[in-house]
Amino acid sequence: MTADARRARFEAVAPAVIDAVRRYLARRTDPATADDVLSETLLICWRRLDDMPEERVLWAYGIARRCLANAERGRRRQARVAAKVARLDPPQTVTESHHDEDDELTAAMATLRPEDAELLRLWAWEDLAPGQIAVVLGVSVNAVHIRLHRAKAKLRERLDQAGGKRKAGNPTGHEQPTEGRGR
């Protein structure tokens with residue numbers, strides 16, 4: 001394949017991959033990291049253009065997922081170094097207090113195993129079917145069904161625990177209709 005043909009092929013598939021991977025990353029990390037990981041993902045897609053399967057977006061999700069994991073490992077290394085520096089010269093502490101239901105969901109997701117949280121994000125945020133999630137994660141569809149069922153149950157349990165603390169009698173946090181109720 002000539003360089004021009006390769007370039008034309010990449011330019012034909014890139015828009016769909018870029019948009020999907022950009023949304024995928026925007027839901028998982030900060031904008032700067034998302035841009036870096038998107039660039040790295042596209043570079044890998046370019047290098048492995050001949051290996052690109054028909055399921056281009058799912059394949060790119062798998063690449064982006066691994067690139068994001070690398071970026072997060074790098075971030076954790078930086079945090080460890082910052083912690084070591086902070087022990088030598090501690091920063092002033094700033095406290096903020098705010099609480100809403102997104103915080104509860106974020107907190108509940110944080111208590112899940114990273115694999116379960118990623119599975120739920122692929123299902124809920126990316127709106128992928130179990131068969132598509134299986135391609136992204138490189139596991140069987142049956143394994144996705146089982147893991148997804150367990151992850152949903154764990155998240156529901158954690159949210160119920162948080163809801164019980166939040167409002168007794170309204171564990172879902174949704175507004176209850178008052179029409180037709182006597183005073």
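**Figure 1. Helix α5 meets helix α6 in this predicted model.** Leu119, Leu122 and Trp123 of α5 are in contact with Ile133, Val136 and Leu137 of α6. The two axes come within 10 Å and cross at roughly 130°. That angle makes α5 oblique to α6. The crossing is right-handed.

**Figure 2. Helix α3 packs against helix α6.** The axes of α3 and α6 lie 8 Å apart, at an angle of about 45°. These two helices are therefore oblique to each other, and their crossing is right-handed. On the α3 side the contacts are made by Leu58, Tyr61, Gly62 and Arg65. On the α6 side they are made by Gln132, Val135, Val136 and Leu137.

**Figure 3. Tyrosine 61 and its contacts.** Residues within four places in sequence are left aside in this view. The remaining contacts of tyrosine 61 are Ala20, Val21, Tyr24, Glu126, Leu128 and Val136.

**Figure 4. Helices α1 and α2 cross at roughly 150°.** Their axes come within 10 Å. Angles over 145 degrees count as roughly antiparallel, and α1 and α2 are therefore roughly antiparallel to each other. α1 passes α2 in a right-handed crossing. Among the α1 residues in contact with α2 are Arg6, Phe10, Val17, Val21 and Leu25. The α2 residues that meet α1 include Ala34, Val37, Leu38, Cys45 and Trp46.

Figure 5. A disulfide is a covalent bond between the sulfur atoms of two cysteines. For cysteine 45, the nearest cysteine sulfur is that of cysteine 67, 8.6 Å away. Is cysteine 45 buried or exposed? Cysteine 45 is buried, with a relative accessible area of 1%. Cysteine 67 also counts as buried, at 4% relative accessibility.

**Figure 6. Threonine 33 in helix α2.** Threonine 33 counts as buried, at 13% relative accessibility. Not counting residues up to four places away in sequence, threonine 33 touches Leu68, Ala71 and Arg75.

**Figure 7. The whole chain, for orientation.** The protein chain has seven helices and zero strands. Read along the sequence, its pattern is α-α-α-α-α-α-α. Of its 183 residues, 30% count as buried. Among contacts between residues at least 6 apart in sequence, 66% join residues at least 24 apart.

Note on methods:
Residues numbered from 1 in each chain as written. Predicted model: local features only at pLDDT ≥ 70, side-chain atom pairs only at ≥ 80, totals over all residues. Heavy atoms only, no water. Disulfide = S-S within 2.5 Å. Buried < 20%, exposed > 50% of the residue type's maximum accessible area, 1.4 Å probe, protein only. Contact = heavy atoms within 4.5 Å. Helix = DSSP H or I, 4+ residues; strand = E, 2+ residues; numbered from the N terminus. Axes fitted to C-alpha atoms, helices over the stretch in contact; angles between N-to-C directions. Parallel < 35°, antiparallel > 145°, perpendicular 65-115°, else oblique. Left-handed = near helix turned anticlockwise from the far one by under 90°.
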